[in-house]
Amino acid sequence: MSYDKSKPLTKRNLIAFLTSLNIEVRTNTKARGNQGLYQKNRIDVARGLDEERAIEVLVHEFAHHIHYKLDKDFIKNGGSLETLFKTSDITEIKEELINVTKLIDKNSRLQIFLNAKEEASKTIKSMQNAIQREYPNFQRSKKFNEFEKYIKNSDAKYLVKYDAIRLMQGFFFKKERILTVKNIDNDFPEMPYAFRVYIRLCSLKRKQSKITRRINKLNKYYEKPTELFARYVQGYFSTPETISTIAPITTKKFNELLQSGYYKEMKDLFEIFKKKEM
């Protein structure tokens, strides 16, 4: 399959261009749960992506391929912006790249988790207010003495630390009882309302902590130089005017290196398929 310079940008024509560079492109994979994946001289694109998204993913992964040519250790260490932009002064460039990432990945997993964390915070605040209507001195940062006194004689004490628990009750004939935070109103209808709310609050705080850990992990991933670079290339290729406005310093440096041939075959990609004049 050969690409045609005279034809407009399509997924098929872009794949033909990439294969002409001896890059293997697979379009019928799960891409290890991602939309795209780059390995040495191979790009995987998840099945089921529409034309526009598939093109974005192909450009993104091709940027990783170019990075591999500049620094073969980038897959292990995440690369460096100094190498990618051939400069030691990358402070402003990094700031701009992070802003680009926030723009083009606004529907990413990171944003989903950020939204979930914000929603959890609002709900926790609402729960706190509900408890304080009955116990005005209640504070999340301090021991809830009234609750502790009540709960020590109740099986509900396990739900302070766990969302679900299985209990085996009885001496000779064991009977299984499963308790969950979700079903606390039915399992403990006699428990004061404020205490049930507090147990739900503890559960939500555990969930919020998990979300925070995921956010920290994703932030570490998103701020890898190789990902910042690939998202910049992806965005600049698709909407050059928008990205130039957000990242003028990066764009100026990128174009200087692009035209000089520093980014190797990426120059051909932009010259053949670019949507607007750079």
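These legends go with close-up views of one predicted model.

**View 1. Three strands make an open sheet.**
Let us start with the sheet, where 3 strands line up in the order S1-S3-S2 and the pairing is mixed. Which strands stand at the edges? They are strand S1 (24-29) and strand S2 (36-39), and each has a single partner strand, so one side of each is left without a neighbour in the sheet. From one strand to the next, the twist averages 20°.

**View 2. S1 runs beside S3.**
Here you can look at the pairing of S1 with strand S3 (residues 42-46), which is in the parallel sense over 4 bridges. To find a bridge by eye, look for Val25, whose bridge partner in S3 is Ile43.

In what sense do S2 and S3 pair, parallel or antiparallel? Their pairing is antiparallel, over 4 bridges.

**View 3. Strand S3 is mostly covered.**
How many residues of S3 are buried? The count is 5 of its 5 residues. Follow the side chains along the strand: Arg42, Asp44 and Ala46 point one way, while Ile43 and Val45 point the other way, and all are buried.

Helix H2 (residues 51-70) lies across S1, S2 and S3, and H2 runs at about 20° to S2.

**View 4. Helices H6 and H9 pack together.**
Two packed helices are described by the angle between their axes and the distance between the axes. For helix H6 (residues 109-134) and helix H9 (residues 193-222), the axes come within 9 Å and cross at roughly 160°. Angles over 145 degrees count as roughly antiparallel, and H6 and H9 are therefore roughly antiparallel to each other. The crossing in which H6 passes H9 is left-handed. What kinds of residues make up this contact? By class, there are 19 nonpolar, 6 polar and 6 charged residues.

**View 5. Thr101 sits in helix H5.**
This residue belongs to helix H5 (residues 91-104). Is Thr101 buried or exposed? Buried means under 20% relative accessible area, so Thr101, at 8% relative accessibility, counts as buried. Leaving aside residues up to four places away in sequence, Thr101 touches Tyr222, Leu228 and Arg231.

**View 6. Lys210 lies in helix H9.**
Our last stop returns to helix H9, where Lys210 is found. Lys210 has a relative accessible area of 52% and is exposed. How far apart are Lys210 and Leu179? They are 31 residues apart in sequence and 22 Å apart in space, C-alpha to C-alpha.

Terms used:
Residues numbered from 1 in each chain as written. Predicted model: local features only at pLDDT ≥ 70, side-chain atom pairs only at ≥ 80, totals over all residues. Heavy atoms only, no water. Axes fitted to C-alpha atoms, helices over the stretch in contact; angles between N-to-C directions. Helix = DSSP H or I, 4+ residues; strand = E, 2+ residues; numbered from the N terminus. Parallel < 35°, antiparallel > 145°, perpendicular 65-115°, else oblique. Left-handed = near helix turned anticlockwise from the far one by under 90°. Nonpolar A, V, L, I, M, F, W, Y, C, P; charged D, E, K, R; others polar. Pairing = 2+ DSSP bridges. Contact = heavy atoms within 4.5 Å. Buried < 20%, exposed > 50% of the residue type's maximum accessible area, 1.4 Å probe, protein only.
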